[in-house]
Amino acid sequence: MSIAAKKVVTIHYHVSDNNTGEVFDSSEGQEPLVYLHGAQNVIPGLEKALEGQVVGFTFDVVIPASEAYGERLEELCSQVPMAAFQGVEKVEVGMEFHADGPQGPVMVEVVSVDEDTVTVDANHPLAGRDLKFKGEVVAIRDASEEELAHGHVHGEGGHHH
Ligand code: ZN
C-alpha cells in the first residue's frame, strides 16, 4: 500500500526551522502523528513529500514557507486600544488571545505593548518560515467512510467523539 488520498498515514517526525535550526515539534518519545492524507490535515509540502511513498520510507525535506504555513502578512498585524483588554491584569508580549477576524475567530499573539496601544499579530507562529521535516512512515491504512466524511482520523492518534 502506498500513500495517496483517502489513506490514513502514521509518521514519526521532527520539524525545525531550516534557517535557524530551532526545533518546533517532534514525535520522538511520544505517539506518532496519524493523519488523513489529501484532507489538508497536514501542510501541503509534507503531503507532497509523502505522496506515493510506502511504510519504512524515511524523509528529510525542506518545505518552503509557501508550502508550509504561508508567508507572513504584515496586514495581519494590528493595533488594538489597551481598553479592549479589560479584565486582563497585565498585557504582556507573547500572550495569546482569541479575537474576531474577518473570517471568524483567530488566535493573535501580543507582539508589543505601549501605554495605550497593544500590537497583535494574527499570523500563524510558523508563517514565513522554511521548515525542515525529518521522519519515517510507520503505517498506512485505508480510511473508513466515517473518517472520510469527517475529514480526519478517528481512534488511536485521532479524534475521539
Ligand atoms: Zn470525526
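Me: How far apart do the C-alpha centres of domain 1 and domain 2 lie?

Reply: They lie 31 Å apart. Keep in mind that this is a predicted model. The domain assignment gives domain 1 as 7-69 + 126-150 and domain 2 as 74-121. Along its principal axes, the C-alpha trace of the protein spans about 60 × 35 × 30 Å.

Me: What makes His150, His152, His154 and His161 the protein donors of the zinc ion?

Reply: Distance. An N, O or S atom has to be within 2.8 Å of the metal to count. Here the atoms are ND1 of His150 and NE2 of His152, His154 and His161, and they lie 1.9 to 2.1 Å from the zinc ion. So they qualify as donors. In sequence, the spacing of these residues reads H-x1-H-x1-H-x6-H. The pair His150 and His161 links distant parts of the chain, eleven residues apart: His150 belongs to helix α2 (residues 145-150), and His161 sits in the segment after α2.

Me: Why is the arrangement around the zinc ion called tetrahedral?

Reply: For four donors, all angles must lie between 85 and 135 degrees. The four donor atoms here subtend 99 to 124°, so the site passes as tetrahedral. For reference, the ideal angle for four tetrahedral donors is 109.5 degrees.

Me: What makes β5 and β6 edge strands?

Reply: The open sheet of four strands has the order β5-β8-β7-β6, with antiparallel pairing. Both β5 (77-81) and β6 (96-101) pair on one side only. The twist averages 45° from one strand to the next.

Me: Which pattern does the protein follow along the sequence?

Reply: β-β-β-α-β-β-β-β-β-β-α. That takes in two helices and nine strands.

Me: How much of the protein is made up of buried residues?

Reply: Buried residues make up 31% of the 161 residues. As for contacts with a separation of 6 or more, residues 24 or more positions apart account for 64% of them.

Conventions
Residues are numbered from 1 along each chain as its sequence is written. This is a predicted model: local features need pLDDT of at least 70, side-chain atom pairs count only at pLDDT 80 or more; totals for chains, interfaces and linings use all residues. Side-chain values use heavy atoms; hydrogens and water are left out. Donors are N, O and S atoms within 2.8 Å of the metal (3.2 Å for Na, K and Ca); water is not among the atoms, so sites may look incomplete. Four donors count as tetrahedral if all angles lie between 85 and 135 degrees; four count as square planar and six as octahedral if opposite donors are over 155 degrees apart and all others between 65 and 115; anything else is irregular. Domain bounds come from an automatic or database domain assignment. Two strands pair if DSSP finds at least two bridges between them. Axes are lines fitted to C-alpha atoms, for helices over the stretch in contact, and angles run from 0 to 180 degrees between N-to-C directions. Buried means under 20% relative accessible area, exposed over 50%, partly exposed in between (1.4 Å probe, protein chains only). Contact means heavy atoms within 4.5 Å.
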